[in-house]
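User: Hi! Could you walk me through the salt bridges and the pocket in this one?

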Amino acid sequence: MRRFWLSAACALAGLATVPATAKSLPPLACEASDGSWMLGLYGPVAQLRSPELTEFVTSQLATGPDGWPAYQALASEAATRVARVDEAACETNGGSFPLRLELFDPTTGTLTTGCCTVAE
């Protein structure tokens with residue numbers, strides 16, 4: 001697991017490309033398992049509220065053969081993150097969701113978990 005996140009951090013440096021078979025994620029609304037942040041993934045942009053708002057440009061790194069898990073790099077002038085979204089039932093204080101999220105901060109080495117649903 002640690003090796004994946006190290007690879008993902010390298011990908012943020014521009015070493016990864018999107019495979020031709022990678023599928024784009026739909027717009028997603030996500031929240032931390034403990035409610036400490038909210039993340040909106042909207043195609044080429046993302047917004048993280050934790051509690052301040054950070055806007056990111058996204059790039060898709062890879063997807064599994066059936067589209068899951070999906071990995072995305074999130075980059076802004078001040079921060080970077082790597083998101084791993086997988087199709088798995090997920091619970092937070094806010095309810096039940098169909099997608100599980102792992103959000104990695106390569107600067108601090110912090111991995112937090114959350115849940116997502118397709119945004120309307």
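User: What should I know about the model before we start?

Analyst: This is a predicted model, where local features need pLDDT of at least 70, side-chain atom pairs count only at pLDDT 80 or more, and totals for chains, interfaces and linings use all residues. Residues are numbered from 1 along each chain as its sequence is written, and side-chain values use heavy atoms, with hydrogens and water left out.

User: Thanks! How many salt bridges are there?

Analyst: The count comes to three, where a salt bridge is a side-chain nitrogen of Lys or Arg within 4 Å of a carboxyl oxygen of Asp or Glu. In one of them Asp105 pairs with Arg81 at 3.5 Å, N to O. Asp105 sits in strand E7 (residues 95-105) and Arg81 in strand E6, so the pair ties together parts that are 24 residues apart in sequence. Strands here are DSSP runs of E, at least two residues, numbered from the N terminus.

User: Is that pair buried or exposed?

Analyst: Both Asp105 and Arg81 are buried, meaning under 20% relative accessible area, with exposed being over 50% and partly exposed in between (1.4 Å probe, protein chains only). For Arg81 the relative accessible area is 17%.

User: And which partners does Arg84 have?

Analyst: Salt bridges that share partners join Arg84, Asp86 and Glu102 into one network. The closest N and O atoms of Asp86 and Arg84 are 3.7 Å apart, while Glu102 and Arg84 meet at 3.9 Å, N to O. Asp86 is partly exposed at 21% relative accessibility, whereas Glu102 is buried at 9%.

User: Switching topic: what lines the largest pocket?

Analyst: Its lining includes Glu31, Arg49, Tyr42 and Phe97. A pocket is an open set of points on a 1 Å grid over the protein atoms alone, where a 1.4 Å probe fits, with protein on both sides within 12 Å along at least five of seven lines; lining residues have an atom within 4 Å of a point. Strand E2 gives the most to the lining, with four residues.

User: What does Glu31 pair with there?

Analyst: The Glu31 side chain has a polar contact of 2.7 Å with that of Thr92; such a contact is a pair of N or O atoms within 3.5 Å, one able to donate a hydrogen and the other to accept it, and residues adjacent in sequence count only if both atoms are side-chain atoms. Glu31 is buried yet has no salt bridge, and the nearest side chain of opposite charge, Arg49, is 12 Å away.

Methods:
Lys, Arg positive; Asp, Glu negative; His and termini not counted.
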